[in-house]
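Please load the model in your viewer and keep the selection panel handy. We will go from the chains to a single residue and then to a sheet.

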There are 4 protein chains.
Amino acid sequence: MCRWLAYTGAPVLIEHALYTPSHSLIDQSLHSRLGAETTNGDGFGLGWYDAEETPGVFRSIEPAWNDQNLREIAAHTRSYLFFAHVRAAIGSAVQQTNCHPFRHGRWLFMHNGFIGEFDAIKRDLVLAIDPSLYPEIKGQADTEVLFYLSLTLGLEDNPPAALARAIGLVEEYGRRQGVKYPFQGTVATANGDDVWVFRYSTEGRSRSLFFSRDVHTLRELYPQRAILQDISDEARMIVSEPVGDLPGAWIEMPESSWGVAGPGDPQLQPFAPIAPTNAVAVPA
Amino acid sequence: MCRWLAYTGAPVLIEHALYTPSHSLIDQSLHSRLGAETTNGDGFGLGWYDAEETPGVFRSIEPAWNDQNLREIAAHTRSYLFFAHVRAAIGSAVQQTNCHPFRHGRWLFMHNGFIGEFDAIKRDLVLAIDPSLYPEIKGQADTEVLFYLSLTLGLEDNPPAALARAIGLVEEYGRRQGVKYPFQGTVATANGDDVWVFRYSTEGRSRSLFFSRDVHTLRELYPQRAILQDISDEARMIVSEPVGDLPGAWIEMPESSWGVAGPGDPQLQPFAPIAPTNAVAVPA
Amino acid sequence: MCRWLAYTGAPVLIEHALYTPSHSLIDQSLHSRLGAETTNGDGFGLGWYDAEETPGVFRSIEPAWNDQNLREIAAHTRSYLFFAHVRAAIGSAVQQTNCHPFRHGRWLFMHNGFIGEFDAIKRDLVLAIDPSLYPEIKGQADTEVLFYLSLTLGLEDNPPAALARAIGLVEEYGRRQGVKYPFQGTVATANGDDVWVFRYSTEGRSRSLFFSRDVHTLRELYPQRAILQDISDEARMIVSEPVGDLPGAWIEMPESSWGVAGPGDPQLQPFAPIAPTNAVAVPA
Amino acid sequence: MCRWLAYTGAPVLIEHALYTPSHSLIDQSLHSRLGAETTNGDGFGLGWYDAEETPGVFRSIEPAWNDQNLREIAAHTRSYLFFAHVRAAIGSAVQQTNCHPFRHGRWLFMHNGFIGEFDAIKRDLVLAIDPSLYPEIKGQADTEVLFYLSLTLGLEDNPPAALARAIGLVEEYGRRQGVKYPFQGTVATANGDDVWVFRYSTEGRSRSLFFSRDVHTLRELYPQRAILQDISDEARMIVSEPVGDLPGAWIEMPESSWGVAGPGDPQLQPFAPIAPTNAVAVPA
């Protein structure tokens, strides 16, 4: 149910991250190896930061693998921080407003996974969203609701705490409806400076997520690889499943953890949802 | 902001109603004369009843005028009751889930007009929808919310009363937010047997709506017209603006009225919204 | 590279053939087992005969598996002869004019396979098409060119001979350009009465193709299966790969053969292309 | 039948040219004043030059006026030379491969107008295209054929001579088929350095075309207008119909003329097609 990629580092042409590597995200749209579904053909999205005030977002309901416009935009857009997402729809319609990443001001948000039996608890969750944010909801995806819940619960101030509260609420409302595993997934969110990533599921069997190793280490491992000389020192990718063909280039994120992408290997922290009654405590 | 057409009578090929007449609905998608907008190119929809349990619905985000699939389906589908709608989007996204007609079980619903400052009152309106219906809302159009409000307020038992209550609620919630003219439009709804049509706006300047005269009268007026010999006696069309080229063939619905399409000239009734506190009274 | 299905028999709702069986064609659009590609997500098409003069054609660039309009049309259209096709594009654009089936008058045509190195010989092949047919070519697919070549070479009079000549021309022109295996595939064509099917490849390793056994035999094999009591005696399906879960229900078409679908097990004939210089001889 | 815009000057955000002015090209997609059609809703295209080797091209079959992706890309892409085109289809399908601008290597090409009775002469024109270019033809638009004819006849060496020969061929082949007015339109082509524009029709009643006056002159005319202070000295726009609200800002190109956009008012030259037998002479 979806695969995604996040990049942060010196500006690069998006196509170098999205198309050039073997088993790229575009290839994963057709032939995912580690995903819950092989095919992620129900649309895609690209969100990128540049010199403008808000990030750009390009979303389409076509499969990514043959989309000529995505290829063009990736070949002509440079960005220091971007998200790409290929979708396998489960339940909600194939329409642009259900494609990730979602955007609010300078924030982007994307997700691989689901809210269990979303229809049963959607109304309660939507009611928990700040009424001033409510009109911004344009689609019907569970992820969009999770994003606005997180914004309501402080995403812009403290992303890990806000997401812990949002997922805590999802779990609480889900359990009230008898849902065994209310949340599943990996999440990325960014504000144009940092990228926060999360891996968590109620069941404890979360969708896969990998960090690229730091570029210095990779260059030592593969001194012959020209591409590693071209990449900036602080470049970092976070992906649902490894791209490229370099063994040892990727570190799997542990279950129930979060981190911030930046220079050096990420300092991973344990992640635990905050139940609504404990909403004062924060994980960070 | 949209144009629509409803047909009831002996089964006909949909193309005869949709494409054949001069200034057809398809022509109105490009060159509306009486609409608030000349162009209604933000998608379209077709809903038709046949021998199956629920009506079929075909919706697209392409403009109707050049849509090859609509042409094919219209040329191969016979129906005794169908709705067609061409959309001019105002505010909500161009996506299939925002295209009319909307469907619930055997019911179809379409609208030309708007809920004033919908964003400001959408949340309140959505909260008034029966929670068991809530998960069926797939898009973000004001009309879809009006449909589910009407269903909540008894559409399946008494369409005029339910719509009076629903529009009454829209007006009440709108006025609380300072909206001067909360409702505008013409509405059609059907259950596979009858078609109910409504023309009303808070402002008292409603979108145009016309009934075709009964076929006997038309044959007397135009004895030479072969097409009128082919049409069944009880055939009736209701349209946002007249199609065809026969003067005298159409009767304008008066302001603030409703009617049921059937044999003979429709018995038009006055329409008045029922404010929430008066919700016991019904107009029929 | 595509999967297809053809049905002939008493009129049925298309959905019963397209969606109801296990491992249906719609499932094959996402999870093909025998195809050259697992995913056939680059659009689809449906062509059906009814009481109208020409068959209807509905084509879309969306993947079939989540297409709501296909589901609706299949659930509301009855036909005694229809083609359905899910596409995996190889080379030509994902656009409706490249989706199968193609239509000319009462004829439909669809294909799973390819013309080898089509770009190298496309111009020569197009020049061999009757100039009066040339303006009807709307897309850029190899199959559309093969269809108009076949029409030029007599498809409407003798489909097996015309296809043998058309493929003979493809092989001749291909070989002149050094193409080792100029043709690959299975083809179906129909005129509203009969369905002709072909399995052939220059290489002798053709895409898979199966006939359903005659309904009498199936009923003897599976007396408990209610669905087999509902199907008409003369019903027949031809499919790229078996649908449903009844062992013994399908007969594989041999390499280099053709047949006409009708009552009784099809009389299969050997198929061999006719080289341009031998164009007088016909295989039937 | 279409409206277009070309910009050359210091790099600007495309949205400033495409969305910001009153009666912008986006507005013209819905409400053209001078075009043959009011509505240009059958898709659009954007082609832009940047630091990459070939220009980027983004094309869509949605109407431009509500396309969210066009808005995003225009708001995040800077270019020193770009083309934008909104389409009103006449005859050929609404598909991306029929949308302007067309691209070959570093060249872009767009057109407002048509080849008269194209179906009757298309085959002859296509045969005149260099066979090595033939496989690049992806759609079925008359303009794409004109582009590849022009490339065949020397566009990359001498655009005015090549276009004169190409249109000469169109006129010759058209007349042989009894077409009274074989060519109509305005054309723009660019190689990343210069923009050539043409206005010509066999009939002598060509689609409208306007040059912006040079920026110095505009600043003198409108010293208060902040936007004119922000624009680079050498900025120039060429448009099907004037955008913005500054009287005197636009100069109409005369009938049967061509020019190169650059600093200073353009040196316009007379344009006359070169009949095939005179193909040695060049207009420049």
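Here is the tour, stop by stop.

This is a predicted model: local features need pLDDT of at least 70, side-chain atom pairs count only at pLDDT 80 or more, and totals for chains, interfaces and linings use all residues. Residues are numbered from 1 along each chain as its sequence is written, chains are lettered from A and ligands numbered from 1 in the order in which they are written, and side-chain values use heavy atoms, without hydrogens and water.

**Chains B and C.** Select both chains. Of the contact residues of chain C, 100% recur in chain B, so the same surface serves both copies (contact means heavy atoms within 4.5 Å).

**S60(A).** Next, pick S60(A), which is in strand β3 (residues 56-60) of chain A; strands are DSSP runs of E, at least two residues, numbered from the N terminus. Is S60(A) buried or exposed? S60(A) is buried, at 8% relative accessible area (buried is under 20%, exposed over 50%, with a 1.4 Å probe and protein chains only). A polar atom of its side chain lies 3.0 Å from the backbone nitrogen of E62(A). Leaving aside neighbours within four places in sequence, contacts of S60(A) include F44(A), D67(A) and C99(A).

**The sheet in chain C.** Finally, show the 6 strands of the open antiparallel sheet, ordered β5-β6-β7-β8-β12-β13. Its edge strands are β5 (102-104) and β13 (269-270) of chain C, each pairing on one side only (strands pair if DSSP finds at least two bridges between them). Inspect β6 (residues 107-115) and β7 (residues 183-190) of chain C, antiparallel strands joined by 8 bridges. There, I115(C) stands opposite F183(C) in β7(C).

Methods: Helix = DSSP H or I, 4+ residues; strand = E, 2+ residues; numbered from the N terminus. Polar contact = N/O pair within 3.5 Å; in protein donor to acceptor, adjacent residues only side chain to side chain.
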